[in-house]
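Welcome! Let us take a walk through this structure together, one region at a time.

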Amino acid sequence: MYLLAVIYILIFLILLLILFAVMQIRLAGMKVKDFWTFIEANQILDKLYLFTTKYKKLSIQEQVIFLEEAEKVFNAFDKVPELLWEEEYQKYMEVLNTYKDIKMLRWVASDKEKIYNA
């Protein structure tokens with residue numbers, strides 16, 4: 001009987017904490033889905049950050065994948081207040097700079113291809 005009461009109290013406390021977390025997210029002006037997407041994007045950001053040191057060695061296909069994943073991260077980060085990701089700012093900027101560099105390299109390569117094909 002005592003064990004059952006403890007289990008009910010723990011379940012109630014867990015539900016209360018979840019409700020409190022959802023309320024805090026909404027008070028911050030976000031949707032829960034956007035916050036969850038941000039958490040996933042934060043994990044992707046860590047992986048992309050590792051690629052920033054060797055992006056020149058990536059194949060064309062790997063560069064395209066990097067660009068697509070980086071765009072997902074940028075979209076997710078845009079939906080949450082900067083206060084939440086200020087600790088990740090340096091990684092974000094490194095990935096953004098690499099993104100810009102790859103886009104520029106691909107643009108130059110496509111320009112050269114157009115010139116040679118003309």
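Helices here are DSSP runs of H or I with at least four residues, strands are runs of E with at least two, and both are numbered from the N terminus. Please keep in mind that this is a predicted model, in which local features need pLDDT of at least 70 and side-chain atom pairs count only at pLDDT 80 or more, while totals for chains, interfaces and linings use all residues. Residues are numbered from 1 along each chain as its sequence is written, and side-chain values use heavy atoms, with hydrogens and water left out.

Let us begin with a loop. Pro81 sits in the loop between helix 3 and helix 4. Because its relative accessibility is 31%, Pro81 counts as partly exposed; buried means under 20% relative accessible area, exposed means over 50%, and partly exposed is in between, using a 1.4 Å probe and protein chains only. Apart from its neighbours within four places in sequence, Pro81 is in contact with Ala28 and Met30.

Is Glu88 buried or exposed? Its relative accessibility is 17%, so Glu88 counts as buried. Not counting residues up to four places away in sequence, Glu88 touches Asn42, Leu45, Asp46 and Phe77.

Now for a pair of helices. The axes of helix 2 (residues 32–51) and helix 3 (residues 60–78) come within 9 Å and cross at roughly 140°. Such axes are lines fitted to C-alpha atoms, for helices over the stretch in contact, and the angles run from 0 to 180 degrees between N-to-C directions. Helix 2 is therefore oblique to helix 3, given that angles under 35 degrees count as roughly parallel, over 145 as roughly antiparallel, 65 to 115 as roughly perpendicular and the rest as oblique. Which residues make the contact? Helix 2 brings Thr37, Phe38, Ala41, Asn42, Ile44, Leu45, Leu48 and Phe51, and helix 3 answers with Phe66, Glu69, Ala70, Val73, Ala76 and Phe77.

The next stop is the largest nonpolar core, which has 20 residues. A nonpolar core is a set of buried Ala, Val, Leu, Ile, Met, Phe, Trp, Tyr and Cys residues joined through side-chain atoms within 4.5 Å. Phe66, Ala70, Phe74, Phe77 and Val95 have the most contacts inside this core. Two or more residues of the core come from each of helix 2, helix 3 and helix 4 (89–117), and helix 3 gives the largest share, seven residues. Leaving aside neighbours within four places in sequence, Ala70 is in contact with Leu48, Val95 and Tyr99.

Finally, let us visit two other residues. Arg26 lies in helix 1 (residues 2–27) and, at 59% relative accessibility, counts as exposed. Arg26 and Tyr99 are 73 residues apart in sequence, and their C-alpha atoms are 31 Å apart in space. Lys31 is found in the loop between helix 1 and helix 2; Lys31 counts as exposed because its relative accessibility is 59%. The C-alpha atoms of Lys31 and Met1 are separated by 40 Å, with the two residues 30 apart along the chain.

Terms used. Contact means heavy atoms within 4.5 Å.
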